[in-house]
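Hello,

The structure we discussed is below. My notes on it follow.

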Amino acid sequence: MGKHYYTFFIIIFTFLSCEEKPNKILLLHEDWQFSEVEKIKWQPANVPGTVQADLLRLGEIPDPFLKNNEDSIQWVSSKNWQYKKQFSVSEEILKRTKHFLKFEGLDTYAEVFLNDSLILSTNNAFRSWEVDVSDALKAKNKLLVDFKSPDSIEKAEAKKLNYKLPEGNRVFTRKPQYQYGWDWAPTIKTMGIWRNVSLESYDIARLKDVFLQTKSISDSLAEIVAKFEIETLKAVEITLRITNKNTSETISSTFKTKAGESEFQMPFSIKNPKLWWTHNLGDSFLYDIEIELLHNKNVLETYSKNLGIRTIELVTEKDSIGESFYFKLNGKPVYMKGANYVPQQMLDAKIDREKYTQLIGDAVSANMNMLRIWGGGIYEDDYFYNLCDEKGILIWQDFMFACAMYPGDAEFLENAKQEAIENVKRLRNHPSIALWCGNNENNEGWHRWGWQEGKTEAQKQEIWDSYYALFNHILPRVVDSLSPKISYWESSPKFGRGDKRYQFQGDAHDWWVWHDGYPFEHFEKKVPRFMSEFGFQSFPSPETVKYATGRDSVFKNDPLFANHQKHVRGFKIIEEYMARDFPVPQNAEDYMYVSQLLQARGITMGIHAHRRAKPYNMGTLYWQLNDCWPAISWSSIDYLGNWKALHYKAKKAFENVLISTEEKKDTLNIFVVNDSFKTIKDSLVLKLLNFDGEVIHKKQLAIESPENSSKIVYSLPLETLKFDRDFSVLKINFGKSEYLNYFVKPKDLKLKKEEIEIEVCCSVERSRDLSLPSNSKVLDCARTDNNLCFSVTLVSKTLQKNVFLEADEKGKFDDNFFDLLPNEPKTILFSTESKTPPKLKLKTLNQLFP
Ligand code: BMA
């Protein structure tokens, strides 16, 4: 009896004394130093970061984004670099049984030494690396990371092949391909510890992965399965608890693990689920799901995951014309509007959250519902995808292979496979992920860009086999096994522009415009099923040019900015197209302004043509949303975040309800494109005006625009109307939508030079009845703290084309580059941090006519 009591006490005592501690993650970001290997000069380093960003911060290299400095920093990536750090581990952590060092991103060829022992060698910047350091960890530790220059490694790899792979040695290194120089990017091959480093310690179990997979959705129920990967030191009983924070429902289950890795599944359901939609079609609703790992009732780890309940499907079905290419979100065909995204931060690896939030906000403001993360950049940070989940933007995600043919040896393929596994797993919980795509233009390049020339049949076969193994076996299998509800698409585009099927099947890139010099009208002639790239360059804002040159004004052909045009024929192409459609100004600022109008004209012409062709065409993503440095490029937002004319015009062209026109012979067909899921009945109002404001023709009729459709709602016979094509505009209204149709190119318009009257006022005090003060008067109105907006009201006696407002304060106009109709006042809002009304500069196309 006494012995039993004794045992009982021992058990209680052991239980109390072994209260299990939660798993511990220690970020190792502080106190790093770096040095060139050959020189040994230790200096403080930022982690996460890059060698280049640190050298810049320390004043050891000039800023490669400025002037012609790019060349003078190329030596950096030809050297070897090392990072070191000492760190102490508390007694409490040291007592833990298992310790892992985790590197979430090493760029790229690194050897890691812990306490002078080699613990890791890496060769892929897109993978993360974890090492069991349980035996090597001490109270005081030394960590050393040695980075080899990619140059010599790439050369050695290239030598192993008896042929040259297109396009250069970058294909041997798994790091962002655009860093080797692109037609919008400088060459900056970064090196360094570019993502988090941490020490993870545990005693019993840790959660390695959670996948919340939606199995079925009905109005009354969503069935989800949580799939867990758990690692335990030995066979134990663990409990997993799932709490839906929105409903406060909790479920938990206990499982028996085996030593090492175990997988468990826990189904759960959500009643009357709220679906996740893109922001233009509904609420991007996210459930807040908490996941806990417990042992003996002690919580070892807690995670929060956003769960968006939706289905997304790429529909590629043979039809009478070819093969469809469209996305179904929650069972409904959805038209995709957006742009291609390139990395925002070329030098700094630390995520600038404000920049990310701003850019995704700008995509939402411009009514985009899809971004394509292009394959020459990076798999973005989780923060990026979280923003897209929250804001209702879908992501077309390329794997990071672009415009080249890649090696096919076993080691390379295995490396690429691990990269894919890791990134698909990391991103599969995001409702924003709509598609995985194998590569950008590799297939097109191989078949149409002369890459096969000079190669033997055997060499060609080998290169193609390597392509096939990666993009038609490995990657689709990874997606299918790890994220089975998301489609995989081998290559964007499906067919190049030399292939007849371009127009009838799959996604397409239209580079007839720009690269081949075809007129913008070509966008209207060849409309594909889904346009995943088309674009045209423009200059950035004068602010961005001044930032890059360090000058206080801008010059045409400025030698300090010429290197920021990375397309060999770029300047010439812009000039040629400009002369076709616009007056070509001599003054630099005017030229930059017109280059933006030109880009906006071309790209919106494409967007309109694509949207009118719905449902034949079901998507339009222009090239490119953003810039990675101050550049003349295809972007609609420049490096400093300024909206170019295109971004304002895309915002209009991407509205859910779009009025568009098409002139055929003597008839103007008026379309209403309706992306919403509601039929809209309203009146269509047409007003044909001349530029002095005289009304030549008026018409009003009731029309119906069916849900999710594009339809000709009225055909206006032009031959019956007497009007000057170069001095008239047709204003078309339908509900809140408005469209201005011109009958000739901008350069052929008879625009008059006339003053614009302008009034600036604090928006809260702004009275809607306009009694304009004398010309260009700025009202001095008191500003309250909650008033961050100024209203700017403009009016003119004649039509003013593409009014461009510039303020002396940093801020944003809610519209710009707009047309001002004769005698119709227009009010624009300017949001700013500034307390005083902005001083405005104004430019219009009218001023540029001789
Ligand atoms: C497309 C892109 C990029 C390129 C752009 C402009 O092909 O995929 O490779 O920057 O065209 O040339």
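Which residue in E39 is the bridge partner of isoleucine 732? The partner is tyrosine 739.

Some background before the rest. This is a predicted model, in which local features need pLDDT of at least 70 and side-chain atom pairs count only at pLDDT 80 or more, while totals for chains, interfaces and linings use all residues. Residues are numbered from 1 along each chain as its sequence is written, and side-chain values use heavy atoms, with hydrogens and water left out.

Sheet: helices (H or I, at least four residues) and strands (E, at least two) are DSSP runs numbered from the N terminus. Strand E38 (residues 728-734) runs antiparallel to E39, joined by six bridges; two strands pair if DSSP finds at least two bridges between them. Both belong to an open sheet of four strands with antiparallel pairing, in the order E36-E35-E38-E39. Its edge strands, E36 (695-705) and E39 (737-742), each pair on one side only. From one strand to the next, the twist averages 15°.

Helix pair: the axes (lines fitted to C-alpha atoms, for helices over the stretch in contact, with angles from 0 to 180 degrees between N-to-C directions) of H5 (residues 353-365) and H6 (residues 382-391) come within 10 Å and cross at roughly 35°. Contact means heavy atoms within 4.5 Å. On the H5 side the contact residues are Arg353, Tyr356, Thr357, Ile360 and Val364, and these meet Tyr383, Phe384, Leu387, Cys388 and Lys391 in H6.

Regards
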